[in-house]
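This report covers chain contacts and nonpolar packing in one structure. The sequence and structure are shown below.

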Amino acid sequence: MTSHREYLTFVKNLEELAEDRLIELMIADLNPGLHKYCYKRVRARVASSADKLPGADILWVRYYSGNPHPQPYAIKVEDYLLLVQSKHP
Amino acid sequence: MAFRDIRQYIEALDKTGDVVHIRQEINWDLEVGAISRRSGEMHGPAVFFEKIKDYPPGYRMLSLPFDTPRRWAIAFGLDPNIGVTEIQNEIQRRIGSRIKPIVVKDGPCKENIILGNEVDLFRFPSPMFSYGDGGRYLGTQSIEVIKDPDSDWVNWGAYRMMLYDEKHMGVNMGIWNQGGTIFVDKFVSKDQPMPMAVVIGADPGSHWAAQFRIPAKDSEVELAGSLRQEPVEIVKCETIDLLVPAHAEIILEGEVLPDVMLREGPFCENHSHECAVRLNPVFRVKSITHRNNPILTVTPGGIFGLNPSTMPAEIITMKRALEERGIPVVGIHSPDETFGMLLIVAVKRTGDVNVASQIDHIIHAVMRGRPTMIMVVDEDVNVSDMREVLHTLAARCHPGRGIRVRAPEMCINTAPWLSHEERELSRGANVLFDCTWPIERPKEEIPRRILFRDSFPDEIRDKVLKNWKSYGFK
């Protein structure tokens with residue numbers, strides 16, 4: 001059985017998690033270890049349920065208030081981007 | 001004699017029984033937060049975590065270091081059993097002067113120096129405090145050191161900081177604090193990174209000084225010297241032109257980027273609610289220096305019913321500001337449960353019809369964003385007795401002319417009642433409850449409050465007290 005990686009993201013509302021295209025978002029890595037909760041910026045596809053995105057990892061969603069969305073989303077990361085995009089090196 | 005560092009302070013807490021040493025392995029992921037919160041809610045001791053999961057021996061954490069009046073007293077070398085008023089009076093006495101720091105060439109904070117690619121903020125056991133927080137918080141009991149580029153002014157502040165990755169943290173800094181104002185006015189405006197040092201685990205006097213609201217251009221490091229009654233030893237940073245306490249446990253050196261804001265939070269703030277996500281500046285770390293066996297000082301924030309450790313400093317600042325402007329303050333208090341958002345001021349009755357409004361304006365000019373609710377009462381009200389205070393609110397505050405709301409007004413961005421848009425702008429409202437008897441009402445027309453303590457002739461009162469048990473009372 002494939003084990004799925006788990007991530008966390010915070011949104012103001014679910015419209016930020018558009019399901020019909022690649023989106024860019026910040027996710028925290030929930031997998032155990034020293035770097036748990038380390039943030040990454042990714043380009044990914046998300047879906048409101050796992051069956052819409054077979055083989056995807058799990059994306060836990062919380063709102064800005066910290067309240068959780070009741071059901072996890074699914075996420076397939078296509079690219080990792082620079083987390084902090086500044087013109088100052 | 002002042003505490004040279006946090007380690008001497010822990011030894012003092014050991015002697016008075018104000019710290020618990022936990023030697024079994026504890027998980028930084030929620031377990032540290034749960035233990036800290038429970039101890040705080042029980043008004044219990046500080047917690048020293050000596051063994052932390054995933055981390056090598058010697059990497060330790062001190063939680064709730066300054067979070068009760070007993071520990072405030074110990075931090076200043078006072079008897080832990082004295083009251084809050086005595087602590088405030090002693091602090092007020094000490095801060096009347098300033099003691100300049102001493103610059104030293106080296107210090108224990110440089111026992112380990114990590115630069116460049118070796119920098120990894122995850123080398124320290126930053127806790128995930130609460131279920132639902134936005135991330136791990138390395139900065140909850142820290143000092144942020146910033147310099148005004150156009151003068152000699154060095155500002156110390158205390159801002160929460162959330163880990164993003166190995167080299168970046170979000171910093172909750174904005175226009176409601178001096179550091180944020182320097183950042184926006186002097187660095188963002190010129191699109192220049194702002195050098196900043198983060199100090200973790202300094203001596204108690206330095207942590208306290210960072211939390212004081214003192215006027216711009218005043219020196220927190222000199223204030224720390226006054227609080228300690230000895231100068232602070234400071235040492236030059238490795239990669240930036242700033243000076244930091246030489247005996248601190250951990251120093252992070254870097255710069256706040258002028259062109260990046262990332263989502264930071266949620267985090268349980270001093271009102272015991274999750275403070276919602278906000279766009280905040282990003283601190284990029286270039287160097288870490290630390291002591292051997294470093295101690296991370298942390299506090300989970302928002303312990304219900306526990307006065308934030310900033311409160312004595314803030315009360316003193318406000319009282320001084322009022323007295324310096326001729327307001328006849330009789331009492332001033334902020335109840336623990338209101339986390340600094342409600343201030344109650346008792347004044348002597350004067351001929352000035354605007355004394356409540358004057359107090360309102362002075363406080364907001366000095367404090368920038370908190371408190372948001374001020375209640376002004378006459379001198380016959382004990383501001384520390386909540387039954388009396390609530391009674392006064394109901395009995396003496398005219399709903400029509402006694403409540404004055406100002407909106408929009410600058411407001412600390414952590415207030416739970418702010419909308420998302422208000423939070424981004426640090427713009428909320430504040431309210432004044434004027435519970436004083438109107439000055440135009442003649443004294444003979446003011447209703448008499450009837451209390452045993454002041455409504456009977458002395459001889460009747462004394463007689464009743466003397467015979468109380470003989471009447472059959474226990």
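The model is predicted.

At the interface, 20 residues of chain A are in contact with 24 residues of chain B. On the chain A side, the residues that touch chain B comprise ten nonpolar, six polar and four charged.

The largest nonpolar core holds 111 residues. Its members that touch the most other members are B:Met161, B:Met169, B:Ala197, B:Val199, B:Val244 and B:Ile251. Strand E14 of chain B, residues 250-264, gives the most to this core, contributing seven residues. Another core, of 25 residues, lies apart from the largest one, and B:Ile332, B:Ile363, B:Met367 and B:Val389 are among its members.

The table leaves out residues up to four places away in sequence.

| Residue | Residues touched |
|---|---|
| B:Met169 | B:Leu121, B:Leu138, B:Gly139, B:Met161, B:Met162, B:Leu163, B:Tyr164, B:Phe283 |
| B:Leu322 | B:Ile327, B:Val329, B:Ile359, B:Ile362 |

B:Leu322 is part of helix H8 of chain B, which spans residues 311-324. B:Leu322 counts as buried because it has 20 C-beta neighbours inside 10 Å, and the criterion is 20 or more. One of its contacts is B:Ile359.

Definitions and conventions. Residues are numbered from 1 along each chain as its sequence is written. Chains are lettered from A and ligands numbered from 1 in the order in which they are written. This is a predicted model: local features need pLDDT of at least 70, side-chain atom pairs count only at pLDDT 80 or more; totals for chains, interfaces and linings use all residues. Two residues are in contact if their C-beta atoms, placed from the backbone, lie within 7 Å. Ala, Val, Leu, Ile, Met, Phe, Trp, Tyr, Cys and Pro count as nonpolar, Asp, Glu, Lys and Arg as charged, and the others, Gly among them, as polar. A nonpolar core is a set of buried Ala, Val, Leu, Ile, Met, Phe, Trp, Tyr and Cys residues joined through C-beta atoms within 7 Å. A residue is buried if 20 or more other C-beta atoms lie within 10 Å of its own, exposed if 12 or fewer, and partly exposed in between; C-beta atoms are placed from the backbone. Helices (H or I, at least four residues) and strands (E, at least two) are DSSP runs, numbered from the N terminus.
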